[in-house]
Amino acid sequence: MNNPVSSVLEADLRTILRRHGIVIWLDPGRQYLKFVERLLATRKNAQLPYDVIQYQDSYLELMLALEGMGAGVEKVPLLIYVPGYNETNIQETPLSELFAAGFPYQKDLAAWVGDAAVGPL
């Protein structure tokens, strides 16, 4: 990624994905849209070791994009980015089962800037 915040965030995502497989990234303030767009482009060029799927206001499109993923016995890392939702309002959607099956991921942008500023400990 291009800057310290992006690099720290992407490294954290890799770690979480290795540990948990399916990660549901909730972004109620839609603060990370541009970052996720860069992740999607990087994945399209086969430069990421995990799949990235973005919810784009269609539950059906998301479910179709997920079709066939995770069908094997191997734990395949998958990042599902859901902008505009938090742990409460996602429970009222068709994505609630998917959220329950995955690992919830949510962090405020200000916290990432602070982590990147401090650097590795």
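Begin by selecting Trp25, Tyr32, Phe35, Tyr81 and Tyr105, which ring pairs link into a cluster. Here the rings of Phe, Tyr and Trp (its six-membered ring) pair if their centres lie within 6.5 Å, and a pair counts as stacked with planes under 30 degrees apart, as edge-to-face over 60 and as tilted for the rest. By this rule the count comes to six aromatic pairs. This is a predicted model, in which local features need pLDDT of at least 70 and side-chain atom pairs count only at pLDDT 80 or more, while totals for chains, interfaces and linings use all residues. Residues are numbered from 1 along each chain as its sequence is written, and side-chain values use heavy atoms, with hydrogens and water left out.

Trp25 belongs to strand β1 (residues 22-27) and Phe35 to helix α2 (residues 33-44), so the pair ties together parts that are ten residues apart in sequence. Helices (H or I, at least four residues) and strands (E, at least two) are DSSP runs, numbered from the N terminus. Trp25 and Phe35 are both buried, where buried means under 20% relative accessible area, exposed means over 50% and partly exposed lies in between (1.4 Å probe, protein chains only).

Next, select Tyr55 and Tyr85, an aromatic pair that is edge-to-face, with 5.7 Å from centre to centre and 75 degrees between the planes. This pair links distant parts of the chain, 30 residues apart, with Tyr55 in the loop between β2 (51-54) and α3 (59-66) and Tyr85 in the loop between β3 (78-83) and α4 (96-101). Tyr55 and Tyr85 are both buried.

The next stop concerns the backbone. Most residues other than glycine have a negative phi. Select Arg30, in the loop between β1 and α2, which has a positive phi of about 55 degrees although it is not a glycine. Arg30 is partly exposed, its relative accessible area being 40%. Then move to Asp57, in the loop between β2 and α3, where phi is positive at about 65 degrees although this residue is not a glycine. With a relative accessible area of 60%, Asp57 is exposed.

How many salt bridges does a search of the whole structure find? The search finds three, a salt bridge being a side-chain nitrogen of Lys or Arg within 4 Å of a carboxyl oxygen of Asp or Glu.

Select Arg14 and Glu10, whose salt bridge has its closest N and O atoms 2.6 Å apart. Being four residues apart in helix α1 (residues 4-20), Arg14 and Glu10 are separated by about one helical turn. Arg14 is partly exposed at 27% relative accessibility, whereas Glu10 is buried, with a relative accessible area of 8%.

Now go to helix α2, where Glu37 and Lys34 lie three residues apart, about one turn of the helix. Glu37 and Lys34 form a salt bridge in which the closest N and O atoms are 4.0 Å apart. Glu37 counts as partly exposed at 40% relative accessibility, and Lys34 as exposed at 59%.

Finally, select Arg43 and Asp51, whose side chains meet in a salt bridge with 2.9 Å from N to O. Arg43 is partly exposed, with a relative accessible area of 28%.
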